[in-house]
Amino acid sequence: MDLGIEFKAGVPLRRQLEHALRGAIRSGRLASGSVLPSSRDLAEELGVSRGVVVDSYAQLATEGYLAARRGSGTRVAELSQPGGPPARRQIPPPETFRYDLRPGQADYHAFPRDRWKAALLRAMRELPDRRLGYASHRGVPELRNALAGYLARARGVVVEPGHVVVCCAASQGLTALWHVLRGRGARRVAVEDPGWRWQRFTAEHAGLEAVPIRVDADGLVVEELAEAGVDAVVLTPAHQYPTGVVMTPERRGALIAWARQRQALIIEDDYDVEYRFDRDPVASLQGLAPDLVAFVGTTSKTLAPALRLAWIVPPSHLIDDVEHEFLVTGVTPPTIDQIALASFIEDAALERHLRSMRRRYRAKRDVLIGALARQLPEVRVSGTAAGLHLFARLPDGVEERATALRARRSGVGLHELHRHCTTVAPSPQALLLGYALATESELIAATRLLAGAVYPS
């Protein structure tokens, strides 16, 4: 049996043999069920004592890699069976497309590498040695101060620095809030339909029932929310995902009235509202009722998901419970990255970057709208005032899933509306077309391919 092993001095022979056998089993060179040589034969082949082989076989049998049965020798265990180490699985590569128009992505090509590098170097240079230990589970004070000022200035959030909790992602912030609510007796929570699927996933993962509530042209239908008997609702009021509608003032007022009467929590997911092109972004819902609304934000669309930096502003009566959730898990962003983002905000680099990106995204949006008007004039486009994607309603008789499948096969990545629906499919057949990541020329080329997917020859 060729294990490809060359024994080295200074390392016990048994340990080297065990390592070689494990590697051969894990790689598949020794397949499940295959018979190994007897301990005497393998010892002779390798030039070691029989005791080395016997002990190695015994150790790997204990770990579940080998199975020894009287009369049938020693075999490689069936690793897919319970109790054995898991069989090696090929991790599927991430889906890639020649033209990537999937929503929810920023233009990573425009990430401000030099300015971010300067912020990181400054953090490394100025951070005292004593602060390389564990930081506060709410986040470092520099970032909480910077975020409090930025959110008040840019989003109209009512917040003190002590009420900002820094986390790794919007989904992590949501999960913490769900656990807090469940600990306080909540069992049912409302999610938008259609809506961002991870809102529902995080609620269900926390042991809550996610109740879908319809979204129309004015935002979440509060009348249906009132009939659902839920203890909380999560929504994207300033720029609804995926439809792009903005919740009307009347609906906002009705939502707050419902929450106050029900003593329920509103979770405001501040999804990509920094990118509004016709006027200033709609101010936060939290600013109207900070005692009822938990505000969740992230750098995923303003900078990049790779930074793993987000934040929550819970109502004051939940702040201690939220902090306790992070205390238990111990999962918080690195201190150095938090301090870098703090200086990035304080130096106004974030707001300069956002101004530049608004111009860049607006130009891309206009290119895509123009290409659709030329190639697919029957497609009705909406949700264009803000965000990073378009809502493209297909012509009557065109089925979105078949269209999306043809588009993907031709190399165009996109989402169909029903991908984000929880209940029965809504009447419009629509596609979600992101324009942030692709170049302008790629948007034009992708639209030509999309036209062939809508009207296949």
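Helices here are DSSP runs of H or I with at least four residues, strands are DSSP runs of E with at least two, and both are numbered from the N terminus. By that rule the protein chain has 14 helices and 16 strands.

A word on the source. This is a predicted model, in which local features need pLDDT of at least 70 and side-chain atom pairs count only at pLDDT 80 or more, while totals for chains, interfaces and linings use all residues. Residues are numbered from 1 along each chain as its sequence is written, and side-chain values use heavy atoms, with hydrogens and water left out.

Now the whole chain. The C-alpha trace spans about 85 × 65 × 50 Å along its principal axes. Of the 457 residues, 50% are buried, meaning under 20% relative accessible area with a 1.4 Å probe, protein chains only. Contact means heavy atoms within 4.5 Å. Among contacts between residues at least 6 apart in sequence, 72% join residues at least 24 apart.

Next, the sheets. Two strands pair if DSSP finds at least two bridges between them. β4 runs antiparallel to β11 (residues 310–313), and three bridges join them. Cysteine 167 stands opposite alanine 310 in β11.

The other sheet I will cover is open too, with four strands in the order β12-β13-β16-β15 and antiparallel pairing. β12 (380–382) and β15 (415–416) each have a single partner strand, so one side of each is left without a neighbour in the sheet. Inside it, five bridges join β13 (residues 389–393) to β16 (residues 430–434). Alanine 392 has leucine 431 of β16 as its bridge partner.

Last, the helices. How do α4 (residues 113–126) and α11 (residues 335–346) cross? Their axes come within 8 Å and cross at roughly 120 degrees. Axes are lines fitted to C-alpha atoms, for helices over the stretch in contact, and angles run from 0 to 180 degrees between N-to-C directions. α4 is therefore oblique to α11, since angles under 35 degrees count as roughly parallel, over 145 as roughly antiparallel, 65 to 115 as roughly perpendicular and the rest as oblique. The contact includes Trp116 and Leu120 of α4, and Ile339 and Phe344 of α11.
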